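Hi,

Here is the structure I promised to pass on. Have a look at it first, and my notes follow below.

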Amino acid sequence: MIQSLRLALKSLAGNRMRAFLTMLGIIIGVVALVVLVSLVNGATSSVTDVMSGLGSDMLETYIYDDKGNPITLTDIEEWSDEAEIGEISPCVSTMATVKYGSESGSLSLYGTTPGYYEVENLSLSLGRFLKTTDVENSNYVCVINESMAESLIGFLDCVGEEVSIDGMKFTVVGVLEDDSSSFMSLFTDGLNVAYIPYTTLLRMSSAVSTDITEFYVSAAPGHTNAEVETLLTDIMMERFDNDEDAFYIYNQDDLEESLSMVTTILSGLLGGIAAISLLVGGIGIMNIMLVTVTERTREIGIRKAIGATRGNILRQFLMEAIVICMIGCAIGIFLSWVILQLATIVAGSLGVAFAMNWRIVLIAIAFCFAIGLVFGLYPANRAAKMKPIDALHYNG
């Protein structure tokens, strides 16, 4: 085996340019396979990370038809005692006018409960979020975002300041960080935002329905979104006369699963295209090996005449085909790594990183070895079956 490998390397060294051109199909196929699949996986991973940062542990429930049995805060409080539920919070929103001194502007006003802070993965910069007593007593307190503190009030450390919301005086008890990775940032980025007790918003705005038609739920530690979704579905079905169209539960895990399925299909399609390139490269190797066998017919005759067996000849030419494939594979993997590093640098500003998928690399190595074996077998077998006398008399 070692001797066959040495002879194969010596033969390739004697025809470097032809050997490189023969490898080119394999190199292109490996680069296509490794780079394309790794790019898809890298992009998918980045999208998944962004989605996770937007609150993948949250379920949103929307009520379309309450069947005359509307959901109340009392119901929400009762459901919060379920083992599967971590936090549960209703949320209702409206637009309002806000004033501070001589400054005024429009405001996205949210009425909610303390659990909303955990469900939405919010972060405080100063002060506190809403408390249960704020909701129970309908206190006129608010938690604002940094954008509102800076643009309207003029400074961040504004806890204790009073602002006027639709003519009602509210005391600022907390300032939220403007987190671009949170789910709410999709709707509130750069806007004036304030959170007030759910009951307070119901009291001050007649346009807001007292019935809860939207609430958010997170899973308790040790439980999954799927378990919470099953629980909520059972509760809603029982409450709304088994009418599944009366409500809708949005589970972001479902979106991630769909994305994963699409990625798998896309990776498979791209891998199939790259595999075709490798097969074309294998055909090129078979073609060159047939030419090589023809050129070295007299050498084959001499080797057989001095005692080389059919197995020796078969092994030598088969080894040459495999070596061509594996060297091409090695070059292709190296070029793939270089391309992925460059792609990561280019996409660095977008926060996307592309890492080589080593599972795909192993598949590429195994596939290249198989191609060398399969496409090299026919030329090698043809060389091995030559009769010494015919080979020695060959004058091509």
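Predicted model: local features only at pLDDT ≥ 70, side-chain atom pairs only at ≥ 80, totals over all residues.

A question to start with: which residues of helix H11 (residues 297-305) are buried? They are Thr297, Ile300, Gly301 and Lys304. Looking down the axis of H11, you'll find these buried residues within an arc of 100 degrees, so they line one face of the helix.

Helix H6 (residues 146-153) is worth a look next. Here 6 of the 8 residues are buried, so the helix is largely enclosed by the rest of the structure. The buried ones are Glu146, Ser147, Met148, Ala149, Leu152 and Ile153. H6 also has a glycine with positive phi after it: Gly154, near 105 degrees.

Now for the overall picture. The protein has 14 helices and 10 strands, and 45% of its 396 residues are buried. If you take the contacts between residues at least 6 apart in sequence, 78% of them join residues at least 24 apart. The accessible surface comes to about 19700 Å², with carbon and sulfur atoms accounting for 59% of that.

On to the aromatics. I get 9 aromatic pairs in total. One of them is Tyr116 with Tyr216: the ring centres are 5.7 Å apart and the planes sit at 80 degrees, so this pair counts as edge-to-face, the cut-off being over 60 degrees. The two tyrosines come from distant parts of the chain, 100 residues apart, with Tyr116 in helix H4 (residues 116-119) and Tyr216 in strand S9 (residues 214-219). Both Tyr116 and Tyr216 are buried.

Which residues make the nonpolar surface patch of about 490 Å²? That would be Met17, Phe20, Leu21, Leu24 and Ile28. Met17 lies in helix H2, which covers residues 16-53. Its relative accessibility is 57%, and because the cut-off for exposed is over 50%, Met17 counts as exposed.

Cheers

Terms used: Residues numbered from 1 in each chain as written. Heavy atoms only, no water. Helix = DSSP H or I, 4+ residues; strand = E, 2+ residues; numbered from the N terminus. Buried < 20%, exposed > 50% of the residue type's maximum accessible area, 1.4 Å probe, protein only. Contact = heavy atoms within 4.5 Å. Areas by Shrake-Rupley, 256 points an atom, 1.4 Å probe, with all protein chains shown as cover. Patch = residues over 30% accessible without salt bridge, like charges linked within 9 Å, V, L, I, M, F, W, Y side chains within 5 Å. Salt bridge = Lys/Arg side-chain N within 4 Å of Asp/Glu carboxyl O. Phe/Tyr/Trp six-rings, centres within 6.5 Å; stacked < 30°, edge-to-face > 60°. Arc of directions from axis to C-beta.
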